[in-house]
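Q: I would like to learn how to read a structure step by step. Could we go through one together?
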Amino acid sequence: MAYGVQMYSLRDAVAADYKQALFTVAGQGYKMVELFGGMNPDAKTIRKWADEAGLVISGTHTGAASLTAENLQQTIEDHHVLGCNLLIIPGHDLSTKEKLDAFIEQMNGVQPILEQAGIILCYHNHSHEFYPNEDGQIIYDQLLSRTSMKLELDTYWAYNAGKDPVEMMEQLKDRLCAIHLKDGFMGGEGMPLGQGTAPVKKVWQKAREMNLPMIVESETQRPDGPAETGECMKYLRSLED
Amino acid sequence: MPVLGARAHDYRGSSPEELFGKIAGDGFRAIQLAFPKSFGVSYPVPETFIEETAAALEKHRIHLAVVGCYIDPALPDRQKNREQVDKFITALPAAKALKAGCVGTETTNLEKAGGNRRAAMPVLIDSVKRMADAAEKWGVDIGIEPVYAHVMHNVEETLEVMEKVGSSRVKIIWDAVNMLSVDTAHDQPGFFRMCYDAFRDRLVAMHLKDFVFDEKGNKPSAPLFEGKLNVEALLSLVKNREGLPILREEAIPERSVREIAAIQEILK
């Protein structure tokens, strides 16, 4: 099985030595990486390092600010350089109707442009999208019904919000572009895969059945990011046995 | 007057419609429902099944008083304890969607909790805090049930948990028989009064069942009105509690109609 990792999982290692961090996850057996935090260094350099490490850049976590009129073209070019066709909004302040409406308008506006450039627009959830916002809207339902964005289901945050991620995967079907594999306890306390109470094994089975890209995002950095992503990979391999 | 209900898994039914139909047919107007025990459906309850349950509750005019998710929140093993707490939290969304009175649990048999009540209490309190945090987020009450052989076993400990957790979402399910011991059973009216006075403001539901003592001091169940329980002393305390769910436990369905009539007579 080919797994990906969201590089935020080892953000300290990325800050210290980005190239080395890419080689570390490649050495652990990851085949894909998902980027975060913009292009620093530039897209060309990141692509070069990823190629050298034998990694595919499967997606980027890119904030909505990168999709404004003045930034959109650069964002598209960066994704072309990266060889990456998945642009994932990692989260956004959608706490009121006004903010949600503005966000949806922006996404519906840029999506056709991105599509034309061969880039798929996605949204990555946390838990708050499943609770009513200040104006009583369930953000996730709104995004589902009022946009045609694809969804990167973060299975832990969905679980943390009381949802059954496996049931959600079955319901969302083709709206899903990938899933985040993550573990933890209720209340937002993350853990390496296999050490929390999220239904990771069932999610893994369902993702395999649905042929969905599985991206590990494990955020505790305990004792450090590389050790944690290594532990996660060991767990994933144990599921394959 | 309180509302009389039943523990759903004392009845048999393959669907919410069938099960609630039987319970309502006997005259109960509330239930305690443990989805895994009644339907083999684990938490979190799938949305389609919540909808099916909601429709059946509405059709048979039954109030879901307690969603049963009885866990062990005072296990000494941290990982196992967190698994239990998280399991409990996954029951909250269904309770919210079904407008349940609370999600209920006991507090772990003392032996399973390591045998030392004072050592187990901080573990329990930490667990209930986590449960309460989630309950506040969901806007759902949780009901904790003291049991004589468990970690939280008397009035003082129950109040200690309430005070230290400090959440208005934490309520008490009072099973009077579960709190009785050989020492307190001889003065049931006095013991029940003491419990009720302490629990009154936090009471979210009551359980009702009968018992006898065996030679070891255990309390095997007995048909209602045929055991040692002073039913009248217990029920007279709550006869004016409008809407309080009194949930029959260990009911024998064939006897329910007669039992309900006798209970209502006492509650008049």
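Q: In chain A, what share of the contacts with a separation of 6 or more is made by residues 24 or more positions apart?
A: Keep in mind that this is a predicted model. In chain A, 75% of the contacts with a separation of 6 or more are between residues 24 or more positions apart. For chain B the corresponding share is 78%.

Q: How many helices and strands does chain A have?
A: Chain A contains 10 helices and 10 strands. Its radius of gyration is 17 Å, close to the 18 Å that the globule rule gives for 241 residues, so chain A is as compact as a globular protein of that length. The C-alpha trace spans about 45 × 40 × 30 Å along the principal axes of chain A. Buried residues account for 45% of the 241 residues in this chain.

Q: What does the secondary structure of chain B come to?
A: Chain B has 12 helices and 10 strands. A compact globule of 268 residues would have a radius of gyration near 18 Å, and the value for chain B, 18 Å, agrees. Along its principal axes, the C-alpha trace of chain B spans about 50 × 45 × 30 Å. Of its 268 residues, 46% count as buried.

Q: Now a single helix. Which residues of helix H4 of chain A are buried?
A: In H4(A), residues 72-82, the buried ones are Thr75(A), Ile76(A), Asp78(A), His79(A) and Leu82(A). Seen down the helix axis, the buried residues of H4(A) fall within an arc of 160°, so they line one face of the helix. Gln73(A) and Gln74(A), on the other side of H4(A), are exposed.

Q: What do the buried residues of H4(A) pack against?
A: Their partners in chain A are helix H3 (43-53), strand E3 (56-61), strand E4 (86-89) and helix H5 (97-116). Just after H4(A) comes Gly83(A), with a positive phi of about 70°.

Q: How do I read a strand? Is strand E3 of chain B largely enclosed or open?
A: Start from a general idea: in a regular strand the side chains alternate between the two faces of the sheet. Then count the buried residues. In E3(B), residues 63-68, five of the six residues are buried, so this strand is largely enclosed by the rest of the structure.

Q: Which strands pair with E3(B)?
A: Strand E2(B), residues 30-33, pairs with E3(B) in the parallel sense over four bridges. Strand E4(B), residues 102-105, also pairs with E3(B) in the parallel sense, over three bridges. Val67(B) in E3(B) is the bridge partner of Leu33(B), and Val67(B) stands opposite Val103(B) in E4(B).

Q: What else is Val67(B) in contact with?
A: Leaving aside neighbours within four places in sequence, the contacts of Val67(B) are Leu33(B), Ala91(B), Ala94(B), Ala95(B), Ala100(B), Val103(B) and Gly104(B).

Q: Which residues have the most contacts inside the largest nonpolar core?
A: They are Ile31(B), Val67(B) and Val103(B), in a core of 81 residues. Helix H6(B) gives the most to this core, with nine residues. There is also a second, separate core of 66 residues, which includes Ile76(A), Phe103(A), Val203(A) and Ile215(A).

Q: How many residues does each chain bring to the contact between chains A and B?
A: An interface is read one side at a time. Chain B brings 13 residues and chain A brings eight. On the side of chain B, helices H4 (78-89), H5 (92-97) and H6 (117-138) each supply at least two residues. H4(B) gives the most to that side, with five residues. By class, the side of chain B that touches chain A has seven nonpolar, one polar and five charged residues.

Q: Take one residue of chain A, Phe185(A). Which residues does it touch?
A: Not counting residues up to four places away in sequence, Phe185(A) touches Met191(A), Gly196(A), Thr197(A), Arg82(B) and Asp86(B). Phe185(A) is found in strand E8(A), residues 183-185.

Q: Is Phe185(A) buried or exposed?
A: The test counts the C-beta atoms around a residue, and 20 or more within 10 Å means buried. Phe185(A) has 21 other C-beta atoms within 10 Å, so it is buried.

Conventions:
Residues are numbered from 1 along each chain as its sequence is written. Chains are lettered from A and ligands numbered from 1 in the order in which they are written. This is a predicted model: local features need pLDDT of at least 70, side-chain atom pairs count only at pLDDT 80 or more; totals for chains, interfaces and linings use all residues. The radius of gyration is taken over C-alpha atoms; the globule rule is 2.2 Å times the number of residues to the power 0.38. A residue is buried if 20 or more other C-beta atoms lie within 10 Å of its own, exposed if 12 or fewer, and partly exposed in between; C-beta atoms are placed from the backbone. Two residues are in contact if their C-beta atoms, placed from the backbone, lie within 7 Å. Ala, Val, Leu, Ile, Met, Phe, Trp, Tyr, Cys and Pro count as nonpolar, Asp, Glu, Lys and Arg as charged, and the others, Gly among them, as polar. The arc is that of the directions from the helix axis to the C-beta atoms. Two strands pair if DSSP finds at least two bridges between them. A nonpolar core is a set of buried Ala, Val, Leu, Ile, Met, Phe, Trp, Tyr and Cys residues joined through C-beta atoms within 7 Å.
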